Amino acid sequence: MPEFKKCSMCSALWKSREDFISDPEIVLNGYKADFESLDYGLFLFTHEKEGCCSTLAVEVGDFKDLYQGQVYSERKTGGPECPRYCKDEHQLARCKAKCECAYVRELMQMLK
C-alpha cells in the first residue's frame with residue numbers, strides 16, 4: 001500500500017490520511033485555490049516537528065470525501081456575496097456565501 005504523504009525535508013512518513021490528519025505536528029496553515037478545478041487546489045500544512053517546519057501541500061480532492069454537506073453548483077467568486085477568502089492563501093475562515101467553493105472552506109474547518 002503506498003503512503004499517503006512523505007515529508008520532503010525530514011522524510012517522516014504518514015501511511016494513511018488518518019495518520020496524517022491525527023498527527024499533532026501537522027498544522028493546516030493555508031489554502032491555494034485552483035479555480036479551474038477545485039479538487040486540484042492545495043491545502044498547505046506545516047510539519048511542526050522540531051528541526052523540520054516544512055510545508056506540505058495536499059490536494060483538496062484527497063479530502064473531499066470527508067465533507068458530507070451541501071455542494072453548490074454556482075461559483076460566486078468576486079461577486080457581492082464573496083468575502084474573497086479564497087484569494088488569501090492564509091485565510092482559513094468559514095465562508096457564508098452559497099458558492100461552489102464553500103465546501104473547501106468547510107473542509108478546512110474539519111482539518112484545523
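Glu81 is partly exposed, with a relative accessible area of 46%; the class partly exposed lies between buried, under 20% relative accessible area, and exposed, over 50% (1.4 Å probe, protein chains only). The side chain of Glu81 meets that of Lys76 in a salt bridge of 3.2 Å, N to O, where a salt bridge is a side-chain nitrogen of Lys or Arg within 4 Å of a carboxyl oxygen of Asp or Glu. Lys76 counts as buried, at 19% relative accessibility.

The model is predicted: local features need pLDDT of at least 70 and side-chain atom pairs count only at pLDDT 80 or more, whereas totals for chains, interfaces and linings use all residues. Residues are numbered from 1 along each chain as its sequence is written, and side-chain values use heavy atoms, with hydrogens and water left out.

**Salt bridges**

Side chains of opposite charge can pair when their charged atoms come close. A search of the whole structure finds seven salt bridges, including those in the table.

| Salt bridge | N to O distance |
|---|---|
| Glu81 and Lys76 | 3.2 Å |
| Lys64 and Asp39 | 3.4 Å |
| Glu106 and Arg94 | 2.7 Å |

The side chains of Lys64 and Asp39 meet in one of these salt bridges. Lys64 lies in the loop between E5 and H2 and Asp39 in the loop between E3 and E4, so the pair ties together parts that are 25 residues apart in sequence. Helices (H or I, at least four residues) and strands (E, at least two) are DSSP runs, numbered from the N terminus. Both partners are partly exposed, Lys64 with a relative accessible area of 36% and Asp39 at 25%.

Glu106 and Arg94 also meet in a salt bridge. This pair links distant parts of the chain, with Glu106 in helix H2 and Arg94 in the loop between E5 and H2, twelve residues apart. Arg94 is partly exposed, and its relative accessible area is 47%.

Three strands form an open sheet in the order E3-E4-E5, with antiparallel pairing; two strands pair if DSSP finds at least two bridges between them. Strand E3 (26–32) and strand E5 (55–59) are the edge strands, each pairing on one side only. From one strand to the next, the twist averages 30°. E3 and strand E4 (residues 42–47) pair in the antiparallel sense over six bridges. Val27 has Thr46 in E4 as its bridge partner.

**Aromatic pairs**

The structure holds eight aromatic pairs. Rings of Phe, Tyr and Trp (its six-membered ring) pair if their centres lie within 6.5 Å; planes under 30 degrees apart count as stacked, over 60 as edge-to-face and the rest as tilted. Phe4 and Phe20 form a tilted pair, 5.4 Å centre to centre and with 55° between the planes. Phe4 lies in the segment before strand E1 (5–6) and Phe20 in helix H1 (residues 17–22), so the pair ties together parts that are 16 residues apart in sequence. Phe4 counts as partly exposed at 22% relative accessibility, whereas Phe20 counts as buried at 0%.

Phe4 and Phe63 form an edge-to-face pair, 6.0 Å centre to centre and with 70° between the planes. Because Phe4 lies in the segment before E1 and Phe63 in the loop between E5 and helix H2 (102–111), this pair ties together parts that are 59 residues apart in sequence. Phe63 is buried, with a relative accessible area of 0%. Phe4, Trp14, Phe20, Tyr31, Phe43, Phe45 and Phe63 form one aromatic cluster.

Technical notes. Axes fitted to C-alpha atoms, helices over the stretch in contact; angles between N-to-C directions.
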